[in-house]
Amino acid sequence: MSAQSRLGRRLIQLYAGLALYGASSALLVEAGLGLEPWNVLHQGLAELTGLTIGVVSIFVGAAVLLLWIPLRQRPGLGTVSNVFVVGIAMDATLAAMPAAHTLAVRIPLLLAGILLNGVATGLYIAARFGPGPRDGLMTGLHQRTGRSIRLMRTAVEIAVVATGFALGGTIGIGTVLYAVSIGPLAQLFLRMFDIPSASDSSTVVATGQPRRAILRR
């Protein structure tokens, strides 16, 4: 594969993955059975402010990206694109979807949302254009404090979920199911969509950030 075609494929994977991530998150919102940790916060803030959840996601992503400065993290194209594309895709999907009222519809929406979220995560991480802003926050905290990535992720996401729930975000069986399944799903699709690089220097992901650290947005 030539360098030009490799770059083209990476760009397609990046934006397809981010758009699908937003759409899959919208399915979880519509299912109403529990959201992934950061969207619990986004939904809570949306309830508080009257903004759409997608717009809130963009504002939160931008605010988190500012925290990269003292943590000395370097964003890539994928990092900046993540802030905008996911929120726009989420709002667009929610606007196009009819309301789901019965469990016979909501449960399949939940399962589809989690599965597609895993596909989306594998797509955009395998493109190697940099982690999402929230993942960079956690890896940055790991590098600055010396604490494990797992501990940093757990601490941040517990705080995010607790704050979001207090503001009216949805926690439920979907939150738990997402937590236990997204890692294996993302790893599976990361291997499936991986693009062999011509050399290590062609990768835009910041050095020192292991893939296991960015298995979620």
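# Helix packing exercises

The buried residues of helix 7 are Pro133, Arg134, Asp135, Gly136, Leu137, Met138, Thr139 and Gly140. Here buried means under 20% relative accessible area, exposed means over 50%, and partly exposed is in between (1.4 Å probe, protein chains only). Helices (H or I, at least four residues) and strands (E, at least two) are DSSP runs, numbered from the N terminus.

This is a predicted model, where local features need pLDDT of at least 70 and side-chain atom pairs count only at pLDDT 80 or more, while totals for chains, interfaces and linings use all residues. Residues are numbered from 1 along each chain as its sequence is written, and side-chain values use heavy atoms, with hydrogens and water left out.

## Exercise 1: the whole chain

Work out how many helices and strands the protein chain has, and what share of its residues is buried.

Step 1. Count the elements: there are nine helices and zero strands. Read from the N terminus, the order is α-α-α-α-α-α-α-α-α.

Step 2. Turn to burial: 51% of the 217 residues are buried.

Step 3. Look at contacts (heavy atoms within 4.5 Å). Take those between residues at least 6 apart in sequence, and 84% of them join residues at least 24 apart.

## Exercise 2: helix 7

Step 1. The expected span is 1.5 Å times one less than the number of residues.

Step 2. Step past the end of the helix: Gly146 follows, with a positive phi near 80°.

## Exercise 3: helix 2 and its partner, helix 8

Do the length check for helix 2, then work out how helix 2 passes helix 8.

Step 1. Helix 2 (residues 37–49) has 13 residues and should span 18 Å; its end C-alpha atoms are 19 Å apart, which agrees. Gly50 comes after helix 2, and its phi is positive too, near 85°.

Step 2. Pro37, Trp38, Asn39, Val40, Leu41, His42, Gln43, Gly44 and Ala46 are the buried residues of helix 2. Their cover includes helix 1 (3–31), helix 3 (53–66) and helix 9 (173–193), among others.

Step 3. Two packed helices are described by the angle between their axes and the distance between the axes. Axes are lines fitted to C-alpha atoms, for helices over the stretch in contact, with angles from 0 to 180 degrees between N-to-C directions. Those of helix 2 and helix 8 come within 7 Å and cross at roughly 30°.

Step 4. Under 35 degrees counts as roughly parallel, over 145 as roughly antiparallel, 65 to 115 as roughly perpendicular, and the rest as oblique. So helix 2 and helix 8 are roughly parallel to each other.

Step 5. The crossing is left-handed, that is, the near helix is turned anticlockwise from the far one by less than a right angle (clockwise would be right-handed).

Step 6. Pro37, Trp38, Val40, Leu41 and Gly44 of helix 2 make the contact with Val156, Glu157, Val160, Val161, Thr163, Gly164 and Phe165 of helix 8. Ala, Val, Leu, Ile, Met, Phe, Trp, Tyr, Cys and Pro count as nonpolar, Asp, Glu, Lys and Arg as charged, and the others, Gly among them, as polar. Sorted that way, the residues of this contact come out as eight nonpolar, three polar and one charged.

## Exercise 4: helix 3 against helix 5

Are helix 3 and helix 5 roughly parallel or roughly antiparallel?

Step 1. Get the geometry: their axes are 7 Å apart, at an angle of about 170°.

Step 2. Helix 3 and helix 5 are therefore roughly antiparallel.

Step 3. Residues in the contact include Ile53, Ile58 and Leu65 of helix 3 and Val83, Phe84 and Leu94 of helix 5.
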